[in-house]
Every structure is written in structure tokens, then in C-alpha cells.
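Good morning, colleagues. Please look at the structure as we proceed.

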Amino acid sequence: TPWNAGSVGRTCLGYNATLHLVGPLGFSLDEKYIRRSGLDYWHRVPKNIWNDWDEYKKEKGSSVDHTYYFSTKASTSLIDFDFGKEIIPSENDSDTKQSVSLVFGCESKGLYDILGEKEMQDGTVLAIPMNENPNAGFRSYNLSC
């Protein structure tokens with residue numbers, strides 16, 4: 001939804017990170033819709049909009065040092081994973097910045113359905129712990145499309 005894109009865009013702006021939106025998008029990025037999320041500075045969010053996953057991978061994929069896919073089907077929890085060993089430079093490499101990509105699916109389709117397991121083998125697949133009570137009606141944290 002534009003509200004989710006606006007919220008993630010706000011986070012990216014705060015971290016000085018680039019927002020990459022990979023299509024096809026199921027919503028409009030028209031500023032009037034984004035503004036409803038409380039983001040009246042959408043024009044300042046560093047962002048790239050890609051037509052599809054193949055275009056993103058072709059243009060950006062090889063320049064990313066670490067890719068983390070978030071999926072309810074992951075066997076490793078975000079809580080248990082040690083990012084520091086991978087992305088924090090050693091004392092000898094203190095000037096080296098690591099490029100990190102966080103990939104989320106949409107609520108109606110998980111990443112395995114969208115990308116396939118083979119595509120996700122080039123990164124680390126993590127699960128975000130969530131309420132497993134079936135009465136809660138909660139499916140995932142992923143962004144809705």
C-alpha cells in the first residue's frame with residue numbers, strides 16, 4: 001500500500017538509505033496517496049523504482065554485499081541471527097562499508113511464492129518472530145501489496 005511505502009520511505013530517509021520498490025506494484029506512488037501516511041517529504045526520500053525483480057537484479061544485484069530475505073518459511077529467526085559477523089567490518093577494515101539489501105514480500109504472497117527458493121539461495125532467509133496464536137488472525141509482518 002502507499003502507506004507502507006511511505007512508512008518504509010520515512011525509515012530509509014532517517015537511516016540515509018535508498019528505498020528500492022520492485023514492481024509490479026499494486027498501488028499508486030502518487031504523492032497525494034503517500035502523504036496520507038504522514039510522509040509529506042516523499043520527494044526527499046532516496047528511491048529507485050524497478051519494473052520487476054529481474055531488472056533490479058540486473059542493475060543492482062551484483063553491487064549488494066549481503067541480501068537478507070524475510071519469510072515466514074525461514075528456519076532461522078531474526079532474533080537468533082548474528083548480523084555483526086557479516087556486516088560489521090573488522091578493525092582492519094574500519095573504512096569499508098557493506099551494502100545490505102533487506103527484501104520483504106507482500107502480505108498476500110510470500111517471497112517463496114514471488115521469487116522462488118532458488119532465487120533466494122544467494123542470501124540469508126530469516127523469519128521475524130510473531131504471534132502464532134491462530135485466534136489472533138495474524139499472518140505476517142510483510143508489507144501488503
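Let me begin with a definition: a residue is called buried under 20% relative accessible area, exposed over 50%, and partly exposed in between, with a 1.4 Å probe and protein chains only. This is a predicted model, in which local features need pLDDT of at least 70 and side-chain atom pairs count only at pLDDT 80 or more, while totals for chains, interfaces and linings use all residues. Residues are numbered from 1 along each chain as its sequence is written, and side-chain values use heavy atoms, with hydrogens and water left out.

In one of them, the side chain of Lys 57 meets that of Glu 119, at 3.6 Å from N to O. Lys 57 lies in helix α3 (residues 53-59) and Glu 119 in the loop between α5 (111-114) and β6 (124-127), so that distant parts of the chain, 62 residues apart, are linked. Helices (H or I, at least four residues) and strands (E, at least two) are DSSP runs, numbered from the N terminus.

Asp 122 is in the loop between α5 and β6, 65 residues from Lys 57. With a relative accessible area of 44%, Asp 122 is partly exposed.

Now to the aromatic rings. Rings of Phe, Tyr and Trp (its six-membered ring) pair if their centres lie within 6.5 Å; planes under 30 degrees apart count as stacked, over 60 as edge-to-face, and the rest as tilted. There are five aromatic pairs by this rule. The pair of Trp 53 and Tyr 69 is tilted, because the planes stand at 55 degrees, with the centres 6.4 Å apart. Trp 53 is in helix α3 and Tyr 69 in strand β3 (residues 66-70), and both are buried. Phe 70 and Phe 104, by contrast, are stacked, at 4.7 Å centre to centre and 5 degrees between the planes.

Technical notes. Salt bridge = Lys/Arg side-chain N within 4 Å of Asp/Glu carboxyl O.
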